[in-house]
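I opened this notebook to look up how the two chains meet and what a few places inside them look like. The entries follow the order in which I looked.

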Amino acid sequence: LHAPKAVLSIATSFFQQQDSARRKTFQLVVYFVLAVLILIAMVYGLLPALGMHNAAEPVSWWQPELFLLAAPGVGLVVGGASAFKVAQLAFGGQAVALMMGGEEVPGTTTDARQKRLLNVVEEMALAAGVPVPPVYVLQEPGINAFAAGYAPGDAVVAVSQGCLNYLTRDELQGVVAHEFSHILNGDMRLNIRLIGLISGIMALSIIGRILMLTSRGRSSGRSESRGGLVLLGLGVFVLGLVGAFFGRLIMAAVSRQREYLADASAVQFTRNSDGIGGALKKIGGLA
Amino acid sequence: VKLRRHPLSNSSARRLFALSEAYPDLKANQNMLALPEELTSTENKIGFARQAFNDAATDYNIRREVFPASAVAGMFGFKEAALLETAETERAAHKVSFP
């Protein structure tokens, strides 16, 4: 009720930082969608451009029948390949933790450090308002942690043995709180969807290359239409590569915002900036 | 809304730990070693549950007053949510340690 001014300003700044990270994520996702739309427009643009190259009389840029061919075609390739990739990656958290060599910590553990980890996870589940997830320990000496699972309902938290060995209780709490933000905000799902979209764009360039190689290799057919197909393939190939490059840039920016969001949320959940702060310094080798 | 602390308060815990000083076997006992962590965690869980409730209630109270949700809230008579408050003495950290 009578919180000192300093406490109030910390309180407002971590909520403000969360809002800022969410807003920037939204902007970036809008850019990503725009990039895909631009990609579709450019692939469509290739068709009349190639038509102009071949035809003697001027060709209109706007040809609805070509657009109705190109737009759903590109959409289908990008969408289909994305869905395939997402289905490949959308494991439950347990499967990911086991793949990474994690061992589940049983509720009956008698190891003091593991018991403390379970307690800290339960505390942060309460603070974040999500169900208590299964907890895994990775046999790795460095300080590392991750949350895994496509849906929040099947998420798990995994921390390295180094976290248990080198972090204080407050620092461990900060790290676990950071991972709970990834669960609460659906960051794993967002990440997998972006990876899916990028491989969808990459699939476009693969199709471009196939088009290029098969048209060149084919002996039958009129030579100018073959040349057109090779050029179309080359165009789609290059557009796919450039699109995937920008997609990766945007995804890296999204990841950075989600980390800022998770750090600000860790301070909200623990109400202690020294915990996550101290852990980050230890990871960075400053302490 | 007021929350009361469980009667196992500072004094009884302190007597237990004082007792353990006199009995080395007791002090070295597994359960006795785990006790400070369990006390800390129990205190934390109460605190974090209260904090999560208050964060959610504050979020609701703010949304309730900001357009467009405020229009719906006013129309259907959404009441302001009360926060859980505790006295400073009850919130103070439980100091338990082996000397």
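Predicted model: local features only at pLDDT ≥ 70, side-chain atom pairs only at ≥ 80, totals over all residues.

Residues are numbered from 1 along each chain as its sequence is written, chains are lettered from A and ligands numbered from 1 in the order in which they are written, and side-chain values use heavy atoms, with hydrogens and water left out.

Entry on chain B. I found that 22% of its 99 residues count as buried. Its secondary structure comes to five helices and zero strands, where helices (H or I, at least four residues) and strands (E, at least two) are DSSP runs numbered from the N terminus. Taking contact as heavy atoms within 4.5 Å, I read that 63% of the contacts in chain B between residues at least 6 apart in sequence join residues at least 24 apart.

Entry on the interface. I looked up the contacts and found 17 residues of chain A against 13 of chain B. The buried area, that is, the accessible area (1.4 Å probe) that two parts lose on being put together, summed over both, is about 1100 Å² between chain A and chain B, and carbon and sulfur atoms give 47% of it. On the side of chain A, N119(A), E123(A) and L126(A) lose the most area to chain B, together 37% of what that side buries.

I then turned to the charged pairs, with a salt bridge defined as a side-chain nitrogen of Lys or Arg within 4 Å of a carboxyl oxygen of Asp or Glu. The rule finds three across this interface, and one of them joins K45(B) to E122(A), with the closest N and O atoms 2.8 Å apart. The elements giving two or more residues to the chain A side are α4 (112-128), α6 (169-184) and α8 (223-270), and α4(A) gives the most, with eight residues.

Entry on S181(A). I placed S181(A) in helix α6 of chain A and noted that S181(A) is buried, with a relative accessible area of 0%. Leaving out residues up to four places away in sequence, S181(A) touches D187(A), L261(A), A262(A), S265(A) and F269(A).

Entry on β3(A). I saw that both faces of this strand (residues 145-148) are covered, with A145(A) and A147(A) buried on one side and F146(A) and A148(A) buried on the other.

Definitions and conventions: Buried < 20%, exposed > 50% of the residue type's maximum accessible area, 1.4 Å probe, protein only.
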